[in-house]
Amino acid sequence: MSRINDKMVSVVLRWGTRFLPFADAASDDLPLGRLLRMSLLQVSVGMSLVLLVGTLNRVMIVELNVPASLVGIMLALPLLFAPFRALIGHKSDTHVSALGWRRVPFIFRGTMVQFGGLALMPFALLVLAGALQSADAPVWIGRFAAAVAFLLVGAGIHITQTVGLALATDQAPEASQPNVVGLMYVMLLLGMIVSALAFGAALENFTPGRLIQVISTSAVVTIVLNVIAVWKQEARRPSRLFAPPPQISFREAWDRYATQANAIRRLLAIGLGTLAFSMEDILLEPYGGQVLGLGVGDTTKLTATFAGGGLIGFAWASRVLSRGFDPFRMAMIGAMLGIPSFLLVIAAAPQQSVPGFVLGVLLIGFSAGLFGHGTLTATMNAAPREQVGLALGTWGAVQATAAGVGAALGGIMRDAVTSAPGRYPWPSAATGYLAVYALEIALLAVTIVAMMPMQRPGLREAVPSPAE
């Protein structure tokens, strides 16, 4: 029996290394099994992200009749914590613990904060919507409780994801660090896909009680996954035996990082592109429900479709970038492909085409995957080893802030334009959504212009087809 088990493990690892994107990042010091276990941190983050920008925004807008502008603001609240990702990354770079850990204490705190927000969230949302016995409760109670819940979940995600990525790069040789981080994001997308399908099945017949069960279960699963992920991952180095890391202030570390070539321009391009790809985050599922008549289960599966497109994009970008392709050019290709993808989604309204809408969502995910991988690789290539946490935190802070601003602007713009009078060749409910998608196309064009000067001069690589 032992021989059979050993053989099965060998087969799984061999085939996993061959077909799993970024699996070649595994090494003797960081085997694939340990690397995949560490990636469970990203799976739990993906599960929470699906709840925030996938399942709950549809449920709040359509089933609970919460205004889209209020939903957008609620989902944007975690951005208040996003700028601190750079500081968190820096603190985890220089943290001195009596137990000898740098990263694990931050991951533990982030996990507990995330768990608290998820535990509070279902009850806060029902009070916010005035459902069941909360119909007579003051409005401010529901809004305050929901805001606290979203803030806690967002803060937990930011802490766990930033420090988890830094922990992963700590364990890997410098040459394979970008691939290790890439694998973490592939597992994030896989977590989003599986979670979206599970949530869609669980909420097929929506009831307030079922909503409480789904979110509460997610809180427990978050604790379990994160504990398994970090168990014996970081070696203990007591301060009495090892010299502490150099203690420099955050301002000094930031000044050193900001003086790198194209550092500020790179962050600006990341912010613009992320804003362009995120304004529809809270609108795709309500768009499918209100304009195309899709049910809760069907629209929740859209999150899996979007994440699946992102997974394909990350996998293809990994193969191309491993051959030396310019990461900035890869990001530009993602922005360029995003324009026809949004046009497909826009065209679905007057044509009432569900297949066209689904294809557009898939291609948006694919384009966002190319853009995300390109900017992530460029950030990692430019990061000194002693500033890995700061670099990842800065990248994450810009992305999360832009995504939060995009979610809020998307919801507010949708509500404002939908109320505008006029006759259009599409259902009136689609007007606000289409205005947001058109603005995203314009932002992608600006992003392309911003990234042009950052390409490597004289580089003329041919882009392999996805089949290669």
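Gln352 is placed in the loop between helix H14 (327–351) and H15, where helices (H or I, at least four residues) are DSSP runs numbered from the N terminus. This is a predicted model, in which local features need pLDDT of at least 70, side-chain atom pairs count only at pLDDT 80 or more, and totals for chains, interfaces and linings use all residues. Residues are numbered from 1 along each chain as its sequence is written, and side-chain values use heavy atoms, with hydrogens and water left out.

The phi of Gln352 is near 50°, a positive value in a residue other than glycine. Most residues other than glycine have a negative phi. Gln352 is partly exposed, because its relative accessible area is 40%; here buried means under 20% relative accessible area, exposed means over 50%, and partly exposed lies in between (1.4 Å probe, protein chains only). Lys232, which follows H9, also has a positive phi, near 55°, and its place is in the loop between H9 and helix H10 (250–258). With a relative accessible area of 70%, Lys232 is exposed.

The buried residues of H9 are Leu211, Val214, Ile215, Ser218, Ala219, Thr222, Leu225, Asn226, Ala229 and Val230. Helix H17 (residues 431–451) has 21 residues and reaches 31 Å from its first C-alpha to its last, close to the 30 Å expected. Because 15 of the 21 residues of H17 are buried, this helix is largely enclosed by the rest of the structure.

On the surface, Ile312, Leu359, Leu362 and Leu363 form a nonpolar patch with about 300 Å² of accessible area together. Patches are made of residues with over 30% relative accessible area and no salt bridge, with nonpolar side chains (Val, Leu, Ile, Met, Phe, Trp, Tyr) joined within 5 Å and like charges within 9 Å. A salt bridge is a side-chain nitrogen of Lys or Arg within 4 Å of a carboxyl oxygen of Asp or Glu, and accessible areas come from the Shrake-Rupley method with a 1.4 Å probe, only the protein chains shown counting as cover for residues. Helix H15 (residues 354–382) gives the largest share of the nonpolar patch, three residues. Leu363 lies in H15 and, at 30% relative accessibility, counts as partly exposed.

A search of the whole structure finds four aromatic pairs. The rings of Phe277 and Phe371 have their centres 6.0 Å apart and their planes at 45°, so this pair is tilted; rings of Phe, Tyr and Trp (its six-membered ring) pair if their centres lie within 6.5 Å, and planes under 30 degrees apart count as stacked, over 60 as edge-to-face and the rest as tilted. The pair links distant parts of the chain, with Phe277 in helix H11 (residues 263–278) and Phe371 in helix H15, 94 residues apart. Phe277 and Phe371 are both buried, and ring pairs link Phe277, Phe342, Phe371 and Tyr437 into a cluster.

**A charge over a ring**

The charged end of Arg109 sits over the ring of Phe106, 5.2 Å from its centre; the criterion is that NZ of Lys or CZ of Arg is within 6 Å of the ring centre and within 35 degrees of the ring normal.

**Contacts between separated chain positions**

The table gives C-alpha separations for residue pairs.

| Residue pair | Separation along the chain | C-alpha distance |
|---|---|---|
| Ser69 and Ala416 | 347 residues | 8.7 Å |
| Lys232 and Arg34 | 198 residues | 9.8 Å |
| Arg251 and Leu87 | 164 residues | 9.6 Å |
| Ala201 and Lys301 | 100 residues | 9.0 Å |

Ser69 is found in helix H4 (residues 68–76) and is partly exposed, with a relative accessible area of 23%. Arg251 is found in helix H10 and is exposed, with a relative accessible area of 60%. Ala201 lies in helix H8 (residues 177–202) and, at 56% relative accessibility, counts as exposed.

Key
Helices (H or I, at least four residues) and strands (E, at least two) are DSSP runs, numbered from the N terminus. The expected span of a helix is 1.5 Å times one less than its number of residues.
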